[in-house]
Amino acid sequence: MEQIKNQWTFKNDNEYYTPEYFVRPLIKHIKKRFEGKKDIIIWCPFDTKDSAYVKVLSAAGFIVKATHIDTGQDFYTYDPDFNFDIIVSNPPFSGKRKTLERVNSYNKPFMLVFGIQYANSGGFVEEMSRCKNLQMIMFKRRVFYMSYANYQILIETGKIQKPTFHSWYICNDVLLKDIFYEDLEEDKKEKIIEEFKYLNGNK
Ligand SMILES: C[S@@+](CC[C@H](N)C(=O)[O-])C[C@H]1O[C@@H](n2cnc3c(N)ncnc32)[C@H](O)[C@@H]1O
């Protein structure tokens, strides 16, 4: 019962934030993909300046452009007024097919987080088939996403509350081979608390 409740919570709530350890694995792939290019511009369309994508990818030397619905840039209607080489983010949990459809319309490389349960949706799979060069990164462990509820659970019980599903990066035209299988850094409570406070403090 608890698991079902959690699953629905994840499905219906868009405000879950990605930890830095789930962004770091992307750096090497982006660098390889754009080897020799001077300024690599990454568009993070579901992110504010406080997102781990912006923080980690900027620190890695990329130019990061963040847009978000809260700053008036609805991904499904907004057209960026800047050039970009690749789209990278963790999109809202709702409307994944619509997200993939919009991303595909740009015909650019992308790396986006999707819970693997979306492979159960015919519409989503159909949209996946439209990617020019579909690739994915799979991980050995599930990811802890940050939310107020998860933070409360961590503080009150010490438990790192993860979703019931694995997350993959669905990519288009980025990786040197079609499927990568990678390890993830261990979850560290102190680091989660530090990152949550950073996110919360900067809002
Ligand atoms: C799963 S959260 C991830 C946030 C951030 N990308 C991260 O990984 O930490 C998805 C975010 O997309 C935002 N969002 C929802 N609909 C949007 C839209 N139409 N355009 C842009 N952002 C949107 C939500 O408010 C939420 O903050």
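The protein chain holds 7 helices and 7 strands (DSSP runs numbered from the N terminus: H or I of at least four residues for helices, E of at least two for strands). This is a predicted model, in which local features need pLDDT of at least 70, side-chain atom pairs count only at pLDDT 80 or more, and totals for chains, interfaces and linings use all residues. Residues are numbered from 1 along each chain as its sequence is written.

### Exercise 1: overall fold

Solution. 
- Step 1. Along the principal axes, the C-alpha atoms fill roughly 45 × 40 × 35 Å.
- Step 2. Check the contacts (C-beta atoms, placed from the backbone, within 7 Å). Of those with a separation of 6 or more, 71% join residues 24 or more positions apart.

### Exercise 2: the two sides of helix 2

Task: find which residues of helix 2 (residues 24–33) are buried, and which exposed residues its opposite face carries.

Solution. 
- Step 1. Set the cut-offs. Counting other C-beta atoms within 10 Å of a residue's own, all placed from the backbone, 20 or more means buried, 12 or fewer exposed, and anything in between partly exposed.
- Step 2. Pick the buried residues of helix 2: Leu26, His29 and Ile30. They span an arc of only 100 degrees around the axis, so they sit on the same side of helix 2. The arc uses the directions from the helix axis to the C-beta atoms.
- Step 3. The face away from the buried side carries the exposed Lys28 and Lys32.
- Step 4. Look for the cover. Strand 3 (86–89) and strand 4 (110–115) are among what covers the buried residues of helix 2.

### Exercise 3: the nonpolar core

Task: name the residues that touch the most other members of the largest nonpolar core.

Solution. 
- Step 1. Define the core: buried Ala, Val, Leu, Ile, Met, Phe, Trp, Tyr and Cys residues joined through C-beta atoms within 7 Å.
- Step 2. Among its 39 residues, Cys44, Leu57, Val88 and Met111 touch the most other members.
- Step 3. List contributors. Elements giving two or more residues include helix 2, strand 1 (41–44) and helix 3 (52–59).
- Step 4. Follow Leu57. Leaving out residues up to four places away in sequence, Leu57 touches Val23, Ile42, Phe62, Val64 and Val88.

### Exercise 4: positive phi in loops

Task: locate Asn107 and Asp173, and say how exposed Asn107 and Asp173 are.

Solution. 
- Step 1. Most residues other than glycine have a negative phi.
- Step 2. Asn107 has a positive phi near 55 degrees. Asn107 lies in the loop between helix 4 (96–105) and strand 4. With 11 other C-beta atoms within 10 Å, Asn107 is exposed.
- Step 3. Asp173 has a positive phi of about 60 degrees. Asp173 lies in the loop between strand 6 (167–172) and strand 7. With 15 other C-beta atoms within 10 Å, Asp173 is partly exposed.

How values were computed
Contact = placed C-beta atoms within 7 Å.
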